Amino acid sequence: MTVKKILISQSKTSNQAPYNALREKFGVTIDFQPFFVIEPLSSREFRAQRLNILDYTAIVFSARNTIDAFFAMCDDLRVKVPETMKYFCTTEAVAVYLQKHIVYRKRKIFFGNGTAQSVVDQIGTKHKGEKFLITTSSSGNNEAITKLFDQAGLDYTAAVFVKPVSQDIRSIDLHSYDMIVFYNPSDIRSLEENFPDFQQGDIKFVTYGKQIVGAMAEAGFPIEVQAPTPEAPSVARALELYLEKNQ
């Protein structure tokens, strides 16, 4: 079956060049529609975790939305974060984003290269005595970082600050698309919430990332194209290779 229409379950990216190239080369229509959004927990939801932010001396961030949610929660709970608090971030971009909320001082802010191991390396022996609060999403798989923290003998708690909320996508005719790209298990949850009787039919599913693969298997959805791979490090490249073979 020739692929003519592709739906990508995310907001439209700022860099449309790779997708414009696909449109021109193969004559396909590519639409963007997020299936869910990330929202901060309410103070009531956060309190249910029964932890006190001021019991911790270091915060671990892996995303900008958890930074916003953390400081918003502090405001809601009237918690004044001490200047002595240390911040460990997975990347420099995440660390720099802290400037939105605090005065950026490098002696208190540390960042890795994007991996959980790099965060633990930044902690090393110098900061091993800190009490860490790892900020997470309710939909995230935190085993990668918590396992490393356990192995390093670090004192930590993983706390949820954000959650995925399904978007109303019932107005979309999914079966008008030949191919749909999924990134996150929350995409599948939103699909099933919006279309309880959904049948895949002839739609081909593309996935990006490891987490989504298990959710697809659980839902009984076969995957036509899986990325990233060495040959296809991006969704755009994965689509290009598929269309070259099948158009």
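## Terms and basis

On a 1 Å grid over the protein atoms alone, a pocket is an open set of points where a 1.4 Å probe fits, with protein on both sides within 12 Å along at least five of seven lines, and its lining residues have an atom within 4 Å of a point. Grid points are joined across faces, edges and corners, and a volume is the space filled by probe spheres set on the points.

The model is predicted, so that local features need pLDDT of at least 70 and side-chain atom pairs count only at pLDDT 80 or more, while totals for chains, interfaces and linings use all residues. Residues are numbered from 1 along each chain as its sequence is written, and side-chain values use heavy atoms, with hydrogens and water left out.

The largest pocket has a volume of about 900 Å³. Its lining is made up of 29 residues, and those nearest its centre are S62, G140, N141, N142 and Q211. Helices (H or I, at least four residues) and strands (E, at least two) are DSSP runs numbered from the N terminus. At least two lining residues come from each of strand 3 (36-40), strand 4 (58-61), helix 3 (64-76), strand 7 (131-137) and helix 6 (143-151), and strand 7 gives the most, with four residues. When Ala, Val, Leu, Ile, Met, Phe, Trp, Tyr, Cys and Pro count as nonpolar, Asp, Glu, Lys and Arg as charged, and the others, Gly among them, as polar, the lining of the largest pocket has 12 nonpolar, 16 polar and one charged residues.

The second largest pocket has a volume of about 350 Å³. It is lined by 16 residues, of which V81, P82, E83, Y87 and I102 are the closest to its centre. Helix 3 gives the most to this second lining, with three residues, and by class the lining of the second largest pocket has 10 nonpolar, one polar and five charged residues.

Six strands form an open sheet in the order 3-8-7-4-5-6, with mixed pairing, where two strands pair if DSSP finds at least two bridges between them. Strand 3 and strand 6 (109-111) stand at the edges with a single partner strand each, so one side of each has no neighbour in the sheet. Direction ignored, neighbouring strands of this sheet are turned by 25° against each other on average.

Strand 7 pairs with strand 4 in the parallel sense over three bridges, and L133 in strand 7 is the bridge partner of I59. Strand 7 also pairs in the parallel sense with strand 8 (residues 155-166), here over seven bridges. Six of the seven residues of strand 7 are buried (under 20% relative accessible area, with a 1.4 Å probe and protein chains only), so strand 7 is largely enclosed by the rest of the structure.

In helix 5 (residues 116-123), the residues A116, S118, V119, V120 and I123 are buried. Among the elements that cover them are strand 4, strand 5 (86-89), strand 7 and helix 6. G124, which follows helix 5, has a positive phi, near 50°.

An open sheet of five strands has the order 2-1-9-10-11, and its pairing is parallel. Strand 2 (29-32) and strand 11 (225-227) stand at the edges, each with a single partner strand, so one side of each is left without a neighbour in the sheet. Within this sheet, strand 10 (residues 204-208) pairs with strand 11 in the parallel sense over three bridges, and Y208 stands opposite A227 in strand 11.

## A closer look at S137

S137 has its place in strand 7. Is S137 buried or exposed? S137 is buried, with a relative accessible area of 16%. In strand 8, V162 is the bridge partner of S137. Leaving aside neighbours within four places in sequence, S137 is in contact (heavy atoms within 4.5 Å) with N142, V160, V162, K163 and P164.

Technical notes:
Buried means under 20% relative accessible area, exposed over 50%, partly exposed in between (1.4 Å probe, protein chains only). Axes are lines fitted to C-alpha atoms, for helices over the stretch in contact, and angles run from 0 to 180 degrees between N-to-C directions.
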